[in-house]
Amino acid sequence: MPYDYDLLVIGSGPGGQKAAIQAAKLGKRVAVVDRREMVGGVCTNTGTIPSKTLREAVLYLTGMSERGIYGQSYRVKDDIAIGDLFQRTHHVIGSEIDVIRDQLTRNHVQIVGGDLIRRLEKFLPVIGHLQCAAVPSRHEPDEGEVNYPAVFEAVDRLGYRGWIGAEYRPRGRTEDGLGWAGAYGVAPPR
Ligand SMILES: Cc1cc2nc3c(=O)[nH]c(=O)nc-3n(C[C@H](O)[C@H](O)[C@H](O)COP(=O)(O)OP(=O)(O)OC[C@H]3O[C@@H](n4cnc5c(N)ncnc54)[C@H](O)[C@@H]3O)c2cc1C
């Protein structure tokens with residue numbers, strides 16, 4: 001598969017984000033790759049942000065930081081369950097990921113998530129429609145970073161019987177660009 005970047009940053013934690021954005025601001029074509037499904041690294045997903053948010057959730061829900069004013073019996077919630085803490089933590093993690101994604105996208109940094117086939121294996125039973133296009137060009141699916149022969153092989157192997165849409169911007173005339181589909185038994189119109 002051809003890759004067309006000046007810089008490929010491995011890891012989307014704070015270090016990776018800063019490196020990628022700095023390079024993008026210097027006019028380089030940059031991608032960030034991470035093995036995790038979500039961007040943000042340890043800082044956003046498992047370390048800094050979750051641990052501090054859990055602490056804040058405990059301080060808030062127990063009323064701990066306001067007891068000097070409202071008295072020792074003050075509480076925001078009487079029965080605090082782990083779900084209450086996770087609810088706030090997941091909300092904050094989600095917002096932080098949105099901010100990071102937005103910042104990388106605004107600076108035209110490509111985010112490479114990977115794991116496409118593993119996700120197909122997991123979710124194909126509930127998928128009724130697939131769409132394909134080259135990444136990142138959104139042209140015919142015979143270029144770019146997604147290995148479509150391997151993806152379509154997996155789709156067949158997993159027994160998918162739904163629709164596959166070719167949702168891309170043709171490089172030239174639509175008819176001329178249909179050659180890629182011949183490899184999968186789809187003949188271009190005459
Ligand atoms: C529980 C905890 C609490 C913390 N609290 C604080 C705090 O309060 N204040 C503070 O300043 N710091 C805190 N830290 C430290 C802080 O999280 C780290 O210093 C910071 O995340 C480091 O950023 P980074 O970009 O170097 O790496 P990371 O955030 O670790 O990101 C590295 C990324 O690289 C990815 N990666 C690694 N190898 C590969 C590979 N081969 N292929 C693809 N991707 C790969 C990982 O999946 C990960 O997403 C805490 C850490 C922990 C664990």
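**Exercise 1. Describe how the protein is divided and state how far apart the C-alpha centres of domain 1 and domain 2 lie.**

Solution. The C-alpha centres of domain 1 and domain 2 are 32 Å apart in this predicted model. The domain assignment places residues 1-114 in domain 1 and residues 115-190 in domain 2.

**Exercise 2. Work out which residues and elements make up the shell around the ligand.**

Solution. Step three is the class: the shell has 9 polar, 5 nonpolar and 4 charged residues.

**Exercise 3. Classify the packing of helix H6 and helix H7 from their angle, and list the residues in the contact.**

Solution. Begin with the geometry, since two packed helices are described by the angle between their axes and the distance between the axes. Helix H6 (residues 116-123) packs with helix H7 (residues 148-157) at an angle of about 20°, and their axes are 10 Å apart. Angles under 35 degrees count as roughly parallel, so H6 is roughly parallel to H7. The crossing of the two helices H6 and H7 is right-handed. On the H6 side, Leu-116, Ile-117 and Leu-120 make the contact, and on the H7 side Ala-150, Val-151, Ala-154 and Val-155 do. By class, the contact of H6 with H7 has 7 nonpolar residues, no polar and no charged.

**Exercise 4. Carry out the analysis for H3 and helix H5, ending with the classes of the contact residues.**

Solution. H3 packs with helix H5 (residues 82-106) at an angle of about 135°, with 9 Å between their axes. H3 and H5 are therefore oblique to each other. The crossing of H3 and H5 is right-handed. H3 contributes Ile-49, Pro-50, Thr-53, Leu-54, Ala-57, Val-58 and Leu-61 to the contact. From H5 come Asp-84, Leu-85, Arg-88, Thr-89, Val-92, Ile-93 and Glu-96. Sorted by class, the contact of H3 with H5 has 9 nonpolar, 2 polar and 3 charged residues.

Methods
Residues are numbered from 1 along each chain as its sequence is written. This is a predicted model: local features need pLDDT of at least 70, side-chain atom pairs count only at pLDDT 80 or more; totals for chains, interfaces and linings use all residues. A residue is near a molecule or strand if its C-beta atom, placed from the backbone, lies within 6 Å of it. Helices (H or I, at least four residues) and strands (E, at least two) are DSSP runs, numbered from the N terminus. Ala, Val, Leu, Ile, Met, Phe, Trp, Tyr, Cys and Pro count as nonpolar, Asp, Glu, Lys and Arg as charged, and the others, Gly among them, as polar. Domain bounds come from an automatic or database domain assignment. Axes are lines fitted to C-alpha atoms, for helices over the stretch in contact, and angles run from 0 to 180 degrees between N-to-C directions. Angles under 35 degrees count as roughly parallel, over 145 as roughly antiparallel, 65 to 115 as roughly perpendicular and the rest as oblique. A crossing is left-handed if the near helix is turned anticlockwise from the far one by less than a right angle, and right-handed if clockwise. Two residues are in contact if their C-beta atoms, placed from the backbone, lie within 7 Å.
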